[in-house]
Amino acid sequence: MDGANHSVVSQFVFLGLSNSWEIQLVLFVFSSMLYVASMTGNSLIILAVTSDPHLHSPMYFLLANLSFIDLGFSSVTTPKMIYDLFRKQKIISFSGCIAQIFFIHVIGAVEMVLLIAMAFDRYVAICKPLHCLTIMSPRMCIFFSGSAWMIGHIHSVVQLAFVVNLPFCGPNVLDSFYCDLPQLIELACTDTYQLELMVTANSGFISVGSFFILIISYIVIILTVQKHSSAGFSKALSTLSAHITVVVLSFGPLMFLYTWPSPSTHLDKFLAIFDAVLTPFLNPIIYTFRNQEMKVAMRRVCRQLVSYRKMS
């Protein structure tokens with residue numbers, strides 16, 4: 001036998017989040033509401049940025065890209081989780097599991113690059129305002145977006161190239177509600193120590209490295225502004241607080257899941273729910289909470305949608 005023919009497992013079974021009917025009901029209501037709110041909020045941001053000429057700037061271009069990523073990440077895991085909550089057998093096919101892992105890691109890597117691009121944009125806008133339009137030109141914005149997707153695909157394909165040929169010949173139960181590399185590798189009928197190290201290095205250390213690069217970047221921006229203008233310090237801090245909050249929310253669960261796996265599956269599941277359901281919901285709220293331009297643009301989009309619906 002060779003390649004994927006080693007595998008006799010054609011599907012995997014999720015243990016899910018809980019066997020308690022009451023907890024399942026709470027999770028169903030909670031997840032459904034957050035999923036709908038996340039899809040609505042991120043869609044409104046994309047519509048607002050594309051339709052409002054006042055928002056045609058690098059910061060909002062990157063924000064719209066981030067919202068698109070949040071839409072994708074929510075849709076990869078959350079609908080399946082909600083659908084499985086009341087099912088006795090929570091099953092996913094082998095190919096479906098591989099596809100889920102592929103999209104999770106593509107989207108995760110794209111998000112990391114976009115957050116780094118947004119930090120660079122804030123540095124240029126705050127520390128080099130006279131050169132902002134020259135440095136963050138439309139070509140540079142497209143370069144950041146294209147690079148993010150290219151890096152995301154490379155990151156995901158490199159890991160899956162080793163996983164798809166693993167022999168899965170026995171256990172097929174995943175103590176989770178979606179497929180991901182650490183749990184899947186544990187089910188392989190071979191020694192996976194080196195592969196586990198590769199996953200930790202690829203996903204874990206990249207997450208940690210990107211997180212510290214972003215935090216250091218924002219500290220440099222804050223110190224630079226404080227040194228040159230005490231009046232602009234509070235304004236810069238207000239602007240950067242949203243970005244720093246999103247960075248912590250995005251990278252916090254990832255660093256624990258991939259770099260420091262918890263012996264408690266309950267904690268891992270909580271972090272996974274936080275990352276898959278709560279973070280995509282919070283991102284649009286955080287970015288629009290203090291942003292008057294975005295609030296006005298989103299209200300305008302809502303009014304246009306309501307008037308269009310009445311006309312039709």
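Which side chain of opposite charge is nearest to the buried Asp180, and how far away is it? Keep that in mind as you open the viewer. The model on your screen is predicted.

**Stop 1: Asp180**

Select Asp180. Look in the loop between β3 (173-174) and α6 (181-186). The nearest side chain of opposite charge is Lys269, 14 Å away. Asp180 is buried, yet it has no salt bridge. Now show what surrounds Asp180. Leaving out residues up to four places away in sequence, Asp180 touches Ile101, His105 and Tyr258.

**Stop 2: Lys269 and Asp175**

Next, select Lys269. What does its side chain meet in a salt bridge? The partner is Asp175, at 2.8 Å from N to O. This pair links distant parts of the chain, 94 residues apart. Lys269 sits in helix α9 (residues 265-289), while Asp175 sits in the loop between β3 and α6. Compare their surroundings. Lys269 has a relative accessible area of 11%, so it counts as buried. Asp175 counts as partly exposed because its relative accessibility is 30%.

**Stop 3: the salt-bridge network**

Side chains of opposite charge can pair when their charged atoms come close. How many salt bridges does a search of the whole structure find? The search finds five.

Select Lys80, Asp84 and Arg87 together. These residues are linked in a network of salt bridges. Start with Asp84 and Lys80. Their closest N and O atoms are 3.3 Å apart. Both residues lie in helix α2, four residues apart, which is about one turn of the helix.

Now move to Arg87. Its side chain meets that of Asp84 in a salt bridge of 3.2 Å, N to O. Is Arg87 buried or partly exposed? Arg87 is partly exposed, because its relative accessible area is 30%. Asp84 has a relative accessible area of 3%, so it is buried.

**Stop 4: helix α2 as a whole**

Select residues 58-84. This is helix α2, with 27 residues. From its first C-alpha to its last, α2 reaches 40 Å, close to the 39 Å expected at 1.5 Å a residue.

Why is α2 described as largely enclosed by the rest of the structure? Because 21 of its 27 residues are buried.

**Stop 5**

Begin with Met59, which is found in helix α2. Its relative accessibility is 16%, so Met59 counts as buried. Beyond its neighbours within four places in sequence, Met59 is in contact with Asp121, Arg122, His243 and Asn291. Met59 and Ile221 are 162 residues apart along the chain, and their C-alpha atoms are separated by 16 Å.

Move along to Phe73, also placed in helix α2. Phe73 counts as buried because its relative accessibility is 10%. From C-alpha to C-alpha, Phe73 and Ile101 are 11 Å apart in space, though 28 residues apart in sequence.

Then select Ser74, another residue found in helix α2. At 1% relative accessibility, Ser74 counts as buried. Not counting residues up to four places away in sequence, Ser74 touches Tyr35, Ser38, Met39, Pro79, Ala276 and Pro280.

**Stop 6: the nonpolar core**

Which residues have the most contacts inside the largest nonpolar core? Select Phe12, Val163, Phe168 and Met294 to see them. This core has 90 residues. Helix α3 (residues 94-127) gives the most to this core, with 17 residues.

Zoom in on Val163. Leaving aside neighbours within four places in sequence, Val163 is in contact with Ile98, Phe168, Leu181, Leu184, Ile185 and Leu195.

**Last stop: helix α3**

Finish by selecting α3, which has 34 residues. Its first and last C-alpha atoms span 50 Å, close to the 50 Å expected at 1.5 Å a residue. Is α3 mostly covered or mostly uncovered? Helix α3 is mostly covered, with 24 of its 34 residues buried.

Definitions and conventions: Residues are numbered from 1 along each chain as its sequence is written. This is a predicted model: local features need pLDDT of at least 70, side-chain atom pairs count only at pLDDT 80 or more; totals for chains, interfaces and linings use all residues. Side-chain values use heavy atoms; hydrogens and water are left out. Helices (H or I, at least four residues) and strands (E, at least two) are DSSP runs, numbered from the N terminus. The expected span of a helix is 1.5 Å times one less than its number of residues. Buried means under 20% relative accessible area, exposed over 50%, partly exposed in between (1.4 Å probe, protein chains only). A nonpolar core is a set of buried Ala, Val, Leu, Ile, Met, Phe, Trp, Tyr and Cys residues joined through side-chain atoms within 4.5 Å. Contact means heavy atoms within 4.5 Å. Lys and Arg count as positive and Asp and Glu as negative; His and the chain ends are not counted. A salt bridge is a side-chain nitrogen of Lys or Arg within 4 Å of a carboxyl oxygen of Asp or Glu.
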